[in-house]
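Please walk through this protein model with me, from overall confidence down to single side chains.

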Amino acid sequence: MNPDQMNENQPNRRSFLKAGLTLSAATLVAPSAAIASIPLSEDEFKIAVGPYLQTNFNNSMTILWLTNKNAAGWVEFGEQADQLNQKAYGKAELGLMQANSKLNAVTLKNLKPGTKYYYKIVSKEIKDFQPYKLTYGGTVSSSVEEFVNADLRKEEVSFLMLNDTHDRPESIPQLLGLVPDKKQDFIFFNGDIFDYQTDEKQIIEHMLQPCVDNFAKHTPFIYVRGNHETRGKFAREFPQYYMHVGHAAFTLGPVRFVILDTGEDKEDAHPVYAGIVDFDDYRVQQAEWLKTEINSKEFKKAPFRVVLMHIPPRFSGDAHGPKHCTELFEPFLNQGKVDLVLSGHTHKYMVHRPDKALNHYPLIIGGGPKTGTRTITKIKADKNKVVVSMLDDSGKEVGAYTALRK
């Protein structure tokens with residue numbers, strides 16, 4: 001899919017996850033102050049969480065937030081903090097602008113490479129929505145925040161990977177605090193951030209709010225589902241809260257990033273899924289997509305190719321899902337001469353070096369949710385090398401790897 005097609009698939013209230021989505025081109029701060037100028041009671045209209053940033057690295061930035069009541073929202077932005085003279089709204093569907101919803105997703109397009117932008121989110125409560133009369137309530141807005149739109153031609157890329165925190169929101173700031181250099185291009189969540197999907201409150205409290213408090217107002221994050229995000233009564237609503245949580249590809253600087261959604265680790269016919277999942281076919285579709293991706297000009301010309309997937313393509317046991325990932329994905333990872341694969345799932349951090357008979361690629365597997373097993377992985381890449389350093393939750397390096405340009 002080309003960049004123009006990507007712009008047509010920007011997130012909205014009804015559909016954040018698009019099968020086969022390709023993204024052409026996933027600073028620690030104190031908790032934010034109260035959004036309104038005066039304290040609000042629980043019954044008063046307010047911003048519930050946000051803003052938080054997502055991007056397709058195609059000179060656009062998507063800003064998301066939730067209000068506690070239905071509203072109409074927009075973003076005011078500009079290149080000067082005191083001159084927010086541009087305004088953007090959620091994508092219109094069939095002539096209807098995004099409104100009468102708690103969830104807001106506004107994409108700023110045609111941004112300048114390497115340029116700092118300032119912005120604030122604004123929401124106006126919709127108190128009553130009649131066929132021919134709409135009644136507005138109060139208006140709330142955030143403080144002015146900032147972000148830098150990435151330059152796709154940049155010489156160095158830096159990002160962090162977290163995985164398998166399993167409904168332990170305190171792990172997010174604790175692990176991020178181990179990395180002194182806060183200037184990351186993005187944060188990558190490699191699945192199983194939750195045990196299963198219960199409701200919106202869980203999504204806010206166990207992920208979105210810690211992200212907003214620590215980095216997400218200034219630095220975007222990218223998210224791929226783990227097998228646990230496919231479980232629970234809210235799993236089908238879950239993707240709406242993110243720009244995307246499935247497979248994707250994008251280029252940033254010297255790296256072509258490829259994200260795979262590995263689905264569940266059990267058979268589709270397992271009784272716990274009650275006959276309402278089809279991950280086998282979903283993985284087959286992704287394998288076909290991956291075959292096309294590794295033959296693309298963007299993939300072949302990139303100095304480095306990095307794949308991110310929750311269930312490792314090898315070394316993750318004999319369950320059906322992991323075996324299916326090995327069968328479907330590993331031939332293309334080897335054929336495509338992938339330089340690095342980043343995974344989670346096993347709860348045992350490990351560095352697996354390339355094997356000419358099996359995995360031709362190095363595989364880094366992050367740790368688990370418990371103290372002593374938690375990890376954060378730092379990745380930096382330039383045109384000559386990719387350097388990986390994995391830290392445990394004491395700050396000790398427990399894994400390292402350097403991939404040199406072939």
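What follows goes from the whole chain to a strand, a loop and some charged pairs.

This is a predicted model, in which local features need pLDDT of at least 70 and side-chain atom pairs count only at pLDDT 80 or more, while totals for chains, interfaces and linings use all residues. Residues are numbered from 1 along each chain as its sequence is written, and side-chain values use heavy atoms, with hydrogens and water left out.

Start with confidence. pLDDT is the predictor's confidence in each residue, from 0 to 100. The protein chain has a mean pLDDT of 91, and 90% of its residues reach 70 or more. Residues 1–40 are another matter: pLDDT stays under 50 there. The model still has 110 contacts beyond four places in sequence for residues 1–40, a contact being heavy atoms within 4.5 Å. Where pLDDT is low, the predicted coordinates should not be read in detail.

Now the overall build. The protein chain has six helices and 19 strands. These are DSSP runs, numbered from the N terminus: helices are H or I with at least four residues, strands are E with at least two. The chain has 406 residues, and 56% of them count as buried. Buried means under 20% relative accessible area, exposed over 50%, and partly exposed in between, with a 1.4 Å probe and protein chains only. The chain exposes about 17400 Å², with carbon and sulfur atoms supplying 50% of it. Those areas come from the Shrake-Rupley method with a 1.4 Å probe; for residues, only the protein chains shown count as cover.

Turn to strand β13 (304–309). How many residues of β13 are buried? Six of the six are, so β13 is largely enclosed by the rest of the structure. In a regular strand the side chains alternate between the two faces of the sheet. Here both faces are covered: Phe-304, Val-306 and Leu-308 are buried on one side, and Arg-305, Val-307 and Met-309 on the other. β13 also has strand partners. Two strands pair if DSSP finds at least two bridges between them. Strand β12 (residues 255–260) pairs with β13 in the parallel sense over six bridges. Strand β14 (residues 340–343) pairs with β13 in the parallel sense too, over three bridges. Val-306 takes part in both pairings: Phe-257 is a bridge partner of Val-306, and Leu-340 in β14 stands opposite Val-306.

Next, a loop. Thr-55 lies between β1 (47–54) and β2 (61–78). Its relative accessibility is 4%, so Thr-55 counts as buried. The Thr-55 side chain reaches the backbone nitrogen of Phe-57 at 3.0 Å. The Thr-55 side chain also reaches the backbone oxygen of Ser-60, at 2.7 Å.

Finally, the charges. The whole structure holds 19 salt bridges, each a side-chain nitrogen of Lys or Arg within 4 Å of a carboxyl oxygen of Asp or Glu. Glu-76 forms one with Lys-120, the closest N and O atoms being 3.9 Å apart. Glu-76 lies in strand β2 and Lys-120 in strand β5 (residues 116–130), so the pair ties together parts that are 44 residues apart in sequence. Glu-76 is buried at 18%, whereas Lys-120 is partly exposed at 24%. Glu-330 and Arg-314 meet at 2.5 Å, N to O. Glu-330 is buried, at 6% relative accessibility. One network of salt bridges links Arg-231, Glu-264, Asp-265 and Lys-266.

Methods: Polar contact = N/O pair within 3.5 Å; in protein donor to acceptor, adjacent residues only side chain to side chain.
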